[in-house]
Amino acid sequence: MTDYTEEQRNELEAIESIYPDSFTVLSEDPTSFTITVTSDAGENDETVEVTLKFTYVEKYPDEPPLWEVQYQENMEDADKEDILALLRQQAEENLGMVMIFTLVTAVQEKLNEIIDQIKSRREEEKRRKEREAEEAEKREFQGTVVTIESFLSWKAQFERDMMELKRKKQKEEEQAGKNKLTGKQLFERDHNLDTSDIQFLEDAGNSVEVDESLFQDLDDLDLDEDDPDFDPLDLGSDED
């Protein structure tokens, strides 16, 4: 008959000696403890860390222990799920043997893979941004490549725009022609024009002054108004 308690106690002592700085006992009945696993240092000394909690069941190691991820650092949820799947796989493969060291070692290797993946993702992201920057610079330098389809599309749009501008201009000219008044219309609009002369005379008091000196020498002239050759405009020419 297997003495499960003895096997569990012996493994616990071995685990404590292997992981003295990261091993912590939580309870003795049932036996429960945590082990903190850290990856190797990655870029800029960055690490990935996880704290695993194990609990012995009565018939361990013939039955797998219970486990859970109690704490994680620099890990995504997908990485956590990968670790849990790895623990299930390793436990099934090692039933009947004490397995905590094997499980922790497998998780350690997985964390190293994760830190390498983080580095690779960052390098790929950096290369992607560089490619995008180069492509943007090329597009800016080369401009838009003109194809037959793009030219015909531009031409059709250009002609539509020109027709629209032409219609607007024609409409504006027609509107301007409707608003422009003829001379007759302007006269008819100003009702004061037909009475402006009469109003002027009324304002002057119906009196118009005449300079009589302009006509004082007319009496001295021998005018024969019956003469068919008489022209009043010729009077001023004799004085020259």
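Predicted model: local features only at pLDDT ≥ 70, side-chain atom pairs only at ≥ 80, totals over all residues.
Residues are numbered from 1 along each chain as its sequence is written, and side-chain values use heavy atoms, leaving out hydrogens and water. Local features need pLDDT of at least 70 and side-chain atom pairs count only at pLDDT 80 or more, while totals for chains, interfaces and linings use all residues.

Select Tyr-56 and Tyr-60. Their ring centres are 4.6 Å apart and their planes lie at 15°, so the pair is stacked (rings of Phe, Tyr and Trp, the latter by its six-membered ring, pair with centres within 6.5 Å; planes under 30 degrees apart are stacked, over 60 edge-to-face, the rest tilted). Tyr-56 is buried at 5% relative accessible area, and Tyr-60 is buried at 0% (buried is under 20%, exposed over 50%, partly exposed in between, with a 1.4 Å probe and protein chains only).

Next, select Asn-94, in the loop between helix H2 (77-93) and helix H3 (100-142) (helices are DSSP runs of H or I, at least four residues, numbered from the N terminus). Asn-94 is buried, at 14%. Leaving aside residues up to four places away in sequence, Asn-94 touches Met-99 and Thr-102 (contact: heavy atoms within 4.5 Å).

Finally, go to Ile-148 in helix H4 (residues 148-179). Ile-148 is exposed, with 64% relative accessibility.

Technical notes: Helix = DSSP H or I, 4+ residues; strand = E, 2+ residues; numbered from the N terminus.
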